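Q: I'd like to learn how to read a two-chain model, feature by feature. Can we go through one together?

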Amino acid sequence: MKKFDKERVLLAVAGPVIALVLAIALTSIVLLASGKNPFEPYRLMLEQLPYSDIQVLIINQASLYYIAALAVALGFRMNLFNIGVDGQYRLAAVMTAIVGANVALPGFLQIPLLLLVAICTGAFWAGIAGVLKVTRGVSEVVATIMLNSIATSLIGYVTLADVWGVQVGNNMTTGVMEKSGWFPGIDLGADAGEIYGLVFLAVLLGVLYWIVLNRTRFGFDLRATGASETAAAASGVNAKRMVLLSMLISGAVAGLSGLPLLLGDTHTYSLSFPAGLGFTAIGIALLGRNNPGGIALAALLWAFLDKASPALDYATPVAYEKEIATIMQGLIVFAVVISYEAVRQWGLRRQQRQVGAELAAAAQNVKKEEVAA
Amino acid sequence: MRLNSRRTRFSQVAVAVAVVALAAAGCGKSSSDSAGSSDDGTYAGKGIGLAYDVGGKGDQSFNDAAYAGLQKAEKEFKIGGRDIEPQDGESDADKVQRLETLAKQGYNPIIGVGYSYAPAVKEVAVKYPKVTFGIIDDDTIKAKNVADMVFHEEQASYLAGVAAARTTKKNHIGFIGGVDIPLIHKFEAGFVQGAQSVNPKIKIEKQYLTQTAQEGGFSSPDKGKDAANGQVEAGADVVYHAAGLSGQGVIQAAAEHKVWAIGVDSDQYGQSALAEYKDYILGSALKNVGGAVYDLTKSVVDGKPLSGEVRGDLESGGVGFADSNPKYKAMTDVVAAVDKAKQDIIDGKVTVDTQ
């Protein structure tokens with residue numbers, strides 16, 4: 001049995017490792033093709049890693065990626081493709097910012113209230129797609145993509161000056177949130193910056209994700225439905241209920257993913273609030289194999305590429321384009337899909353061979369016994 | 001059971017990684033550790049630092065105008081220059097990092113191109129009091145070493161409105177804005193007021209390409225082309241765009257339908273990318289971003305850095321209406337009307353609304 005465990009770990013790790021090696025090799029080929037040094041950029045980026053301000057940037061960004069990727073992964077576990085994480089987190093962030101700017105409670109009530117607003121907004125927005133899928137059979141892919149666009153328009157509406165918007169210069173914001181809703185961070189000095197306090201929320205969510213999926217009836221039902229809907233239904237799982245519930249939970253988690261930034265740094269939702277997090281998170285969830293530990297590593301890797309690559313612009317004597325990191329991220333996603341499928345098939349063949357060998361051995365034993373008899 | 005124990009280890013590793021990562025962030029030097037450069041009368045900086053917003057270089061419009069100013073100053077003052085593009089989905093922290101890196105390397109002045117740099121400029125300017133910072137399109141930062149470079153876009157747009165209303169044969173004109181934001185509303189407001197000053201009953205089509213800049217309202221010629229086609233089909237025969245790179249599509253569509261287009265920011269009649277369609281470019285509402293970059297650099301090189309709000313208007317030449325097209329100049333009544341409107345604004349007889 002122990003050997004079987006090793007096999008599983010080998011298969012789980014082989015995919016990402018092959019993908020990374022492949023992506024790095026392909027990036028080097030791109031660099032070579034454009035007449036650049038194929039290894040120098042990696043060295044330049046790795047040199048950034050010991051700097052504390054870069055580390056802070058990486059951790060802060062990774063916390064956003066991590067929460068968003070957990071939301072995507074939850075859907076994946078259930079065979080649901082929630083492409084709407086992007087709209088869910090932006091809408092949740094804007095609603096949280098509005099409530100935070102217009103409601104003033106003491107901190108110990110204000111912050112739970114803000115978290116609740118984000119959770120409910122995200123769950124509501126994803127829930128629409130869930131209800132459509134359960135009642136009308138609308139594909140969640142189509143529904144969530146469309147809801148992303150609707151979220152953008154809705155945000156445009158609620159940030160109008162005569163709704164809840166506050167114009168600051170040429171920027172449209174939701175007004176500065178009440179101080180009681182600012183989540184304190186870990187200040188590492190003026191040079192290093194501040195780690196968002198809600199980074200710990202990301203860690204907590206990772207632990208919860210693991211517990212819920214692996215230690216609860218709900219998690220079992222969810223994985224079972226994801227593995228085979230018909231088999232799960234036959235064993236008494238209500239598939240429709242599971243679809244709706246997992247969409248709601250996925251949306252709720254997605255809703256939280258903008259909060260480390262909102263409560264820890266910007267304290268307002270403005271035109272320059274980052275968008276596109278939800279799409280990046282899909283790649284991160286894929287690379288992390290929907291596993292909370294794997295996603296954490298993937299999120300950190302992604303954030304590292306984001307934050308270390310600007311140094312390429314300033315490199316001397318030869319500067320490199322920082323888009324190299326973007327190319328690499330794209331190639332990673334690409335390589336992940338291919339290598340996971342290749343590893344899966346290789347694993348299957350390996351298993352078949354082993355089973356075949358065991359059967360053959362068993363058959364031989366039987367023959368021997370027959371001869372002996 | 002065994003499966004579970006493996007999973008437990010995995011989650012333990014995850015927690016451990018997170019904790020170690022957090023703890024490690026406290027150690028190590030900061031990449032911004034450096035001694036600040038000091039100027040004693042003579043210019044000792046490394047050159048101009050220019051940080052772009054979403055869209056970046058190559059938009060044939062706003063960002064390129066800033067770059068043109070940088071090139072001009074580089075050449076004239078024989079100093080260096082560095083322009084840095086943004087990343088997708090970045091936050092204020094990344095902009096702070098970008099400006100700090102430029103400051104640390106000794107660039108002076110450092111200019112944030114676009115209002116979204118406001119929080120970052122505000123934060124970094126405090127840390128580097130000896131460096132002059134500039135921000136374009138924002139007037140909210142009040143600091144001694146920050147120049148807020150803003151423009152009366154509505155005045156230039158007013159002239160565009162007058163020109164459009166005088167040229168149209170169907171009394172039907174159009175406005176296409178890149179992104180539905182307050183900055184672009186100023187262009188629309190000026191254009192509408194200018195057109196209505198000629199003919200209060202004129203029909204004006206209005207359209208914004210996207211809600212947010214991230215969706216590509218300033219960078220999608222195809223969106224601009226679709227919008228312009230729609231407006232021309234609805235009957236408009238002069239179309240004004242304030243849409244950055246998307247405006248190329250607007251001008252292309254106008255030329256294909258043989259109606260007038262009005263460009264924005266730079267003199268688009270003279271742009272090589274649009275040479276094919278230039279006969280249909282009536283004129284351009286100018287916004288001299290390049291001049292602002294140049295002026296700020298000059299002031300720093302001269303040792304008397306600009307500070308506070310610097311607003312370009314018709315009088316200072318910070319905004320204007322380009323008349324390079326000979327076909328436009330041939331329409332003397334239109335030119336006279338635009339010139340009169342310009343004088344009225346400068347004299348204060350006409351005040352242009354911004355909303």
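Q: Among contacts in chain B between residues at least 6 apart in sequence, what percentage join residues at least 24 apart?

A: First off, keep in mind that this is a predicted model. In chain B, 69% of the contacts between residues at least 6 apart in sequence join residues at least 24 apart. For chain A, residues 24 or more positions apart make up 76% of the contacts with a separation of 6 or more.

Q: How many helices and strands are there in chain B, and what percentage of its residues count as buried?

A: Chain B has 11 helices and 12 strands. Of its 355 residues, 57% count as buried. Chain A goes with 15 helices and four strands, and 50% of its 373 residues count as buried. The C-alpha trace of chain A spans about 95 × 60 × 35 Å along its principal axes.

Q: Which residues of chain A does the UniProt annotation "transmembrane region" cover?

A: According to the unreviewed UniProt entry, the annotation covers residues 9–34, 54–76, 88–105, 111–132, 141–160, 195–213, 243–263 and 324–343 of chain A. Residues 54–76 of chain A are 100% helix and 0% strand, with their end C-alpha atoms 31 Å apart. Residues 195–213 of chain A come out as 79% helix and 5% strand, and there the end C-alpha atoms are 29 Å apart.

Q: What describes two packed helices?

A: The angle between their axes and the distance between those axes. Take helix 7 (residues 199–215) and helix 8 (residues 217–227) of chain A: they pack at about 75 degrees, with axes 5 Å apart. Angles from 65 to 115 degrees count as roughly perpendicular, so helix 7 of chain A is roughly perpendicular to helix 8 of chain A. On the helix 7 side, Val212(A), Leu213(A), Asn214(A) and Arg215(A) meet Phe218(A), Gly219(A), Leu222(A) and Arg223(A) of helix 8. By class, that contact has four nonpolar, two polar and two charged residues.

Q: How is chain A divided into domains?

A: Domain 1 takes in 1–36 + 323–365, and domain 2 is 56–319. Their centres, taken over C-alpha atoms, are separated by 29 Å. Across the boundary, 11 residues of domain 1 of chain A are in contact with 10 residues of domain 2 of chain A. On the domain 1 side, helix 1 (2–33) and helix 15 (323–372) are the elements that give two or more residues. Helix 15 of chain A supplies the largest share, seven residues. That side of domain 1 divides into nine nonpolar, two polar and no charged residues.

Q: What should I know about phi and peptide bonds?

A: Most residues other than glycine have a negative phi, and most peptide bonds are trans. Here, His267(A) has a positive phi, near 60 degrees, and Lys78(B) has one of about 50 degrees. As for the peptide bond, the one from Asn108(B) to Pro109(B) is cis, with omega near 5 degrees. Pro109(B) lies in the loop between helix 3 (92–104) and strand 3 (110–113) of chain B.

Q: Are His267(A) and Lys78(B) buried or exposed?

A: Count the C-beta neighbours. His267(A) is buried because 21 other C-beta atoms lie within 10 Å; this residue sits in the loop between helix 11 (259–266) and helix 12 (277–287) of chain A. Lys78(B) counts as exposed because there are 9 C-beta neighbours inside 10 Å, and Lys78(B) is found in the loop between helix 2 (62–77) and strand 2 (80–84) of chain B.

Methods: Residues numbered from 1 in each chain as written. Chains lettered and ligands numbered in written order. Predicted model: local features only at pLDDT ≥ 70, side-chain atom pairs only at ≥ 80, totals over all residues. Axes fitted to C-alpha atoms, helices over the stretch in contact; angles between N-to-C directions. Parallel < 35°, antiparallel > 145°, perpendicular 65-115°, else oblique. Contact = placed C-beta atoms within 7 Å. Nonpolar A, V, L, I, M, F, W, Y, C, P; charged D, E, K, R; others polar. Buried ≥ 20, exposed ≤ 12 C-beta atoms within 10 Å, placed from the backbone. UniProt positions renumbered as here; feature names shortened; annotations may be inferred. Domains from an automatic or database assignment.
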